[in-house]
Amino acid sequence: MTCKEVIRKLSDYLDGELDPVLAEQLARHLEHCEDCGLVVDTTQKTIEFYCNAEPAPLPDEIRRQVERALAGKRGEKEGFVRLYDEYAGLIYSVALRVLRNAAAAEDVAQEVFLQLWRNPTSFDPQRGRLAPWLAVITRHKAVDSLRKLKYEAGSSESPLADRVVSEASVHTSAECNRARRLMAQLPAEQRQVLELAFLDGLTHVEIAAHVSQPLGTVKSRIRLGLLSLRRELSA
Amino acid sequence: MIAHLENEKALLAEARAGNGEAFATLLNQYDRRLFRLALNITGNQPDAADALQEALLKAYRGLETFRGDSRFYTWLVRIVVNEGLMNLRRRRADSWASLDEPTEADDHSLMPREIEDWGDNPEQRYSKTEFHAILNQALERLEPILRIVFLLRDVEGLSTEETAGTLGLSVPAVKTRLLRARLELRERLTKYFKRG
């Protein structure tokens, strides 16, 4: 091995990342090349000097500046975390209803929170309560994302999905997942009216108008849907 | 070390849940190092302070996005580096090129010029203050991108891959810059540390 090659491989050699055969050749070169030996030794020392240098304490003035800035954000952060706990379930379920895909819904939920976090003033408390507003922007984003996404049925095993469980006041998350699976298996016209009734809170009359079907048809679809859900759940 | 990491995990969970005290405690063990890093990137205290402050605010806000698949410290380092570089680029629009591409070094310029024995403990010939001034001065004179690669790899202990990811460089690019940085520093320090 030549001196030039030793220099090129110096870093890998010092970091122990050199191929063992080459490392052996390099070590043999060092045995009788004093100059390369000195370069290896002094480079090693250079690295150690910098690596071992203790950082100086933060100047007081700068520590105070940083602490003040962080303290200013603490209340904001705590408020945000509360908000997250309170509304994550709602936002997730709205997104899930549009997207029918747990991962995609979670992405949308994250986006909604990020937007709120970056720009908390985008919500105008004068205009109404937070929940309906969040539902509207979530639906909006979910529809956007649906346009972009190839539809894919996904699992709903995610931390956010669990929050929906407590919202729906189903006893266990396993039960909830099962119910959701069963819902998915219902005939489309039954699933649609059940969702409108229980997730969107529409009255039977409103549903009838929404799906352009006679009231009696809507009622019997709801009854049939509920019956088969109950039958499957108790099976 | 394990106990330390367990403790960090617990503090992180608290900080994520909005506990500002926990976040401050987490930072206590790192802020000196992070400030030194910012200082070495921006080159002056006021800019380093701004970069550090901005980075820590971002980290605090974005704690939810820390996925825990890298070390917390590495994650912080990345944010500080980004802020530091942004600061540097804002101030020195002309230095874009030198930040991204170091001037080409051929094998010839890599070859050591000063080859002298430093002897054992050459640092003992200087006072602590003098010694640190020598180290800092040599570091300051490196091209920015060489300096930053050296800092991340040899001072902050990031892996080659982590350094590449942080700076948006390829692994071979990190390696060649690191080699140049080490050799150039060695060259400058030799003036002070050679025997006799």
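Colleague: Which residues in helix 4 of chain A are buried?

Modeller: An α-helix has 3.6 residues a turn, so residues three or four places apart point the same way. In this predicted model, the buried residues of helix 4 of chain A are Cys36(A), Val39(A), Val40(A), Thr42(A), Thr43(A), Thr46(A), Ile47(A) and Phe49(A). The helix runs over residues 34–52 and reaches 27 Å from its first C-alpha to its last, close to the 27 Å expected.

Colleague: What covers the buried residues of helix 4 of chain A?

Modeller: Both chains contribute. The cover includes helix 1 (3–8), helix 2 (10–14) and helix 3 (20–32) of chain A. It also includes helix 8, helix 9 and helix 11 of chain B.

Colleague: How many residues of chain B are in contact with chain A?

Modeller: The size of an interface is often given as the accessible area lost when the parts come together. Here we count contacts: 38 residues of chain B against 31 of chain A. Helix 11 of chain B gives the largest share of chain B's side, nine residues. That side divides into 20 nonpolar, five polar and 13 charged residues.

Colleague: Which residues touch the most other members of the largest nonpolar core?

Modeller: Ala38(B), Leu52(B), Val80(B), Ile148(B) and Val149(B), in a core of 53 residues. Among the residues that Val80(B) touches are Leu34(B), Leu37(B) and Ala55(B). A second, separate core has 17 residues, including Tyr92(A) and Leu96(A).

Colleague: Where in chain A is the pLDDT below 50?

Modeller: Where pLDDT is low, the predicted coordinates should not be read in detail. Chain A averages 78, and 74% of its residues score at least 70. Residues 151–172 of chain A fall below 50. Beyond near neighbours in sequence, that stretch has 36 contacts in the model.

Terms used. Residues are numbered from 1 along each chain as its sequence is written. Chains are lettered from A and ligands numbered from 1 in the order in which they are written. This is a predicted model: local features need pLDDT of at least 70, side-chain atom pairs count only at pLDDT 80 or more; totals for chains, interfaces and linings use all residues. Two residues are in contact if their C-beta atoms, placed from the backbone, lie within 7 Å. Helices (H or I, at least four residues) and strands (E, at least two) are DSSP runs, numbered from the N terminus. Ala, Val, Leu, Ile, Met, Phe, Trp, Tyr, Cys and Pro count as nonpolar, Asp, Glu, Lys and Arg as charged, and the others, Gly among them, as polar. pLDDT is the predictor's confidence in each residue, from 0 to 100. A nonpolar core is a set of buried Ala, Val, Leu, Ile, Met, Phe, Trp, Tyr and Cys residues joined through C-beta atoms within 7 Å. A residue is buried if 20 or more other C-beta atoms lie within 10 Å of its own, exposed if 12 or fewer, and partly exposed in between; C-beta atoms are placed from the backbone. The expected span of a helix is 1.5 Å times one less than its number of residues.
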